[in-house]
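Notebook open, model loaded. I'm jotting things down as I look them up.

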Amino acid sequence: MIFRRGLTADEPKIALDVPPEIGEILALLRATGDDHSRKVGFDLLGLPSEVLRAISQLLREIRSSELNWGNIRRQALAVADVVIVGTAAIGVPSTELIRRSKEVARIEKYRRRATKVFTLSIAPQNKTAIFEYVDYTGRALGLRCEDRAIDRRRTTESFRHAVETSETNEKGVCGSNRKFEMLLRKLES
């Protein structure tokens with residue numbers, strides 16, 4: 001108002017004070033113009049600054065990491081009550097990358113017992129957008145049948161992993177790992 005009234009010659013710069021990567025995400029969401037993008041943008045702006053810094057750090061790490069053709073790389077971290085999930089891939093169809101991102105986000109949200117999850121999928125070969133998929137969910141955690149299946153799978157995998165690591169060093173009488181291989185076959189059946 002001071003500038004408009006002519007009381008100062010310097011026009012003030014009005015802008016958001018967010019990390020540059022968050023600014024890029026917001027600009028792309030704004031350009032999309034649909035309701036979901038607008039909602040994610042407002043939700044993103046409502047997050048605490050430490051969460052925004054973590055999201056931008058995750059985006060920088062994913063952009064600078066070496067990716068193998070056809071593999072999906074994922075990273076997850078928890079800051080405050082928000083789980084941040086980032087996935088990246090080269091040579092993976094966009095639909096598969098998005099599907100896997102949603103699956104990883106659901107698993108991480110359940111595993112960490114979080115109430116909010118921010119998901120970001122990146123395909124570096126896409127030169128028109130910095131991300132393939134972005135979403136923010138702030139719903140309360142409810143235990144669904146799918147989540148119970150995740151929990152059963154996690155406990156089974158944890159047990160199997162614990163058995164594998166404890167038996168790995170034991171050799172059979174002849175010095176081979178046959179004892180270990182037979183134990184693994186029993187566990188798998």
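This is a predicted model: local features need pLDDT of at least 70, side-chain atom pairs count only at pLDDT 80 or more; totals for chains, interfaces and linings use all residues.

Started with Asp 35: at 58% relative accessibility I log Asp 35 as exposed (my cut-offs: buried is under 20% relative accessible area, exposed is over 50%, partly exposed is in between, with a 1.4 Å probe and protein chains only). Residues are numbered from 1 along each chain as its sequence is written, and side-chain values use heavy atoms, with hydrogens and water left out.

**Salt bridges**

Asp 35 forms a salt bridge with Arg 38, and the closest N and O atoms are 2.9 Å apart. I count a salt bridge when a side-chain nitrogen of Lys or Arg is within 4 Å of a carboxyl oxygen of Asp or Glu. The two residues are 3 apart in helix α2, so about one helical turn separates Asp 35 from Arg 38. (Helices are DSSP runs of H or I with at least four residues, strands are E runs of at least two, and both are numbered from the N terminus.) Arg 38 is partly exposed, with a relative accessible area of 41%.

I then went to helix α4 (residues 94-111), where Glu 103 and Arg 99 sit 4 residues apart, about one turn of the helix. They form a salt bridge with the closest N and O atoms 3.2 Å apart. Glu 103 comes out partly exposed at 29%, and Arg 99 is partly exposed at 43%. Glu 96 joins in too: Glu 96, Arg 99 and Glu 103 are linked in a network of salt bridges.

Which side chain does Glu 108 meet in a salt bridge? I find Arg 111, at 3.5 Å, N to O. This pair is 3 residues apart in α4, so again about one helical turn. Glu 108 counts as buried at 4% relative accessibility, whereas Arg 111 is partly exposed at 40%. My tally for the structure is 9 salt bridges.

**The sheet**

I traced 4 strands in an open sheet, in the order β1-β2-β3-β4, with mixed pairing. Strands pair here if DSSP finds at least two bridges between them. The edges are β1 (72-79) and β4 (133-137), each pairing on one side only. From one strand to the next the twist averages 10 degrees.

Pair by pair, I noted the following.
- β1 and β2 run antiparallel, joined by 8 bridges; Arg 74 has Thr 87 as its bridge partner in β2.
- β2 and β3 pair in the parallel sense over 7 bridges; Val 85 stands opposite Thr 119 in β3, and Val 82 has Lys 116 as its bridge partner.
- β3 (residues 116-122) and β4 pair in the antiparallel sense over 5 bridges; Leu 120 has Val 134 as its bridge partner in β4.

β1 and β2 make a hairpin with 2 residues between them, and Ala 80 in the turn has a positive phi of about 55 degrees.

How many residues of β2 are buried? I get 8 of the 8, so β2 is largely enclosed by the rest of the structure. Side chains in a regular strand alternate between the two faces of the sheet. In β2, Val 82, Ile 84, Gly 86 and Ala 88 are buried on one side, and Val 83, Val 85, Thr 87 and Ala 89 are buried on the other. β3 is mostly covered, with 6 of its 7 residues buried.

I also checked a helix against the sheet: α3 (residues 49-64) lies across β1, β2 (82-89) and β3, running at about 15 degrees to β2. (Axes are lines fitted to C-alpha atoms, for helices over the stretch in contact, and angles run from 0 to 180 degrees between N-to-C directions.)

Val 18 lies in the segment before α1 (20-32) and is partly exposed, with a relative accessible area of 23%. Leaving aside neighbours within four places in sequence, I see Val 18 in contact (heavy atoms within 4.5 Å) with Gly 23, Leu 45 and Leu 52. Its C-alpha is 8.3 Å from that of Arg 53, 35 residues apart along the chain.

Last stop: Phe 42, in helix α2 (residues 35-45), counts as exposed at 60% relative accessibility.
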